[in-house]
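This briefing is intended for a reader who has the sequence and the model at hand. The points below are grouped by topic.

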Amino acid sequence: STIMKNIKLELDDRSIKPNSEIKGHVTVNYQGRYDGIVINTQILDSNDLIVYKSYNEKKISQNVSRLFISKDEILDNKVEFTAVIEFEPKQTHDVKFRASIIEQHKEVESDQLFAKFSA
């Protein structure tokens, strides 16, 4: 039997190109109380940031590099999001994606994965 993770983060494609849409999904199976989830992305060996473009097909108007989604907006325990990395890399970067369940400003559970970013 498979153990359901409290939070699971997935990307459609772990090979990221500049200016191409990154699509991801987060599934939340957490039974406890929580306020929402945060998705954080770090481009290793770089000061550049990812820009989140939408979640659940809602456009994000301001440039955010850390995405908070409140529990009320997580329908059927799922969130999908899109993002983009806009700079042209001189080398390949590892990109760390982390999704965390947040309750009272504390992280309860998290999941993470790595992708590759290259020109």
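With which residue does E107 form a salt bridge? The partner is R98, and the closest N and O atoms are 2.5 Å apart; a salt bridge is a side-chain nitrogen of Lys or Arg within 4 Å of a carboxyl oxygen of Asp or Glu. This is a predicted model, in which local features need pLDDT of at least 70 and side-chain atom pairs count only at pLDDT 80 or more, while totals for chains, interfaces and linings use all residues. Residues are numbered from 1 along each chain as its sequence is written, and side-chain values use heavy atoms, with hydrogens and water left out.

**Salt bridges**

- The structure holds six salt bridges.
- In the pair already named, E107 is partly exposed at 42% relative accessibility, and R98 is partly exposed at 24%. (Buried means under 20% relative accessible area, exposed over 50%, and partly exposed in between, with a 1.4 Å probe and protein chains only.)
- E103 and R33 meet through their side chains in a salt bridge at 3.6 Å, N to O. Because E103 lies in strand β9 and R33 in the loop between β3 and β4, this pair ties together parts that are 70 residues apart in sequence. (Strands are DSSP runs of E with at least two residues, and helices are runs of H or I with at least four, numbered from the N terminus.)
- E103 counts as buried at 17% relative accessibility, whereas R33 counts as exposed at 61%.
- D94 forms a salt bridge with K116, with the closest N and O atoms 2.5 Å apart. D94 belongs to strand β9 and K116 to strand β10, so the pair ties together parts 22 residues apart in sequence.

**Sheet**

- Five strands form an open sheet of mixed pairing, in the order β2-β10-β9-β4-β7. β2 and β7 (66–70) stand at the edges with a single partner strand each, so one side of each has no neighbour in the sheet. (Two strands pair if DSSP finds at least two bridges between them.)
- β4 and β9 pair in the antiparallel sense over eight bridges, and G36 stands opposite I102 in β9.
- I102 is buried, with a relative accessible area of 13%. Not counting residues up to four places away in sequence, I102 touches Y34, D35, G36, V38, E107 and V108. (Contact means heavy atoms within 4.5 Å.)

**Nonpolar core and aromatic pairs**

- The largest nonpolar core has 31 residues, of which I37 and F97 touch the most other members. The largest share of this core, four residues, comes from β9. (A nonpolar core is a set of buried Ala, Val, Leu, Ile, Met, Phe, Trp, Tyr and Cys residues joined through side-chain atoms within 4.5 Å.)
- The structure holds three aromatic pairs. In one of them, the rings of Y52 and F81 have their centres 5.9 Å apart and their planes at 65°, so the pair is edge-to-face. (Rings of Phe, Tyr and Trp, the last by its six-membered ring, pair if their centres lie within 6.5 Å; planes under 30 degrees apart count as stacked, over 60 as edge-to-face and the rest as tilted.)
- Y52 and F81 are both buried.

**Loops**

- N19, in the loop between β2 (15–16) and β3, has a positive phi of about 65° although it is not a glycine.
- Q104, in the loop between β9 (93–103) and β10 (106–117), has a positive phi of about 55° and is likewise not a glycine.
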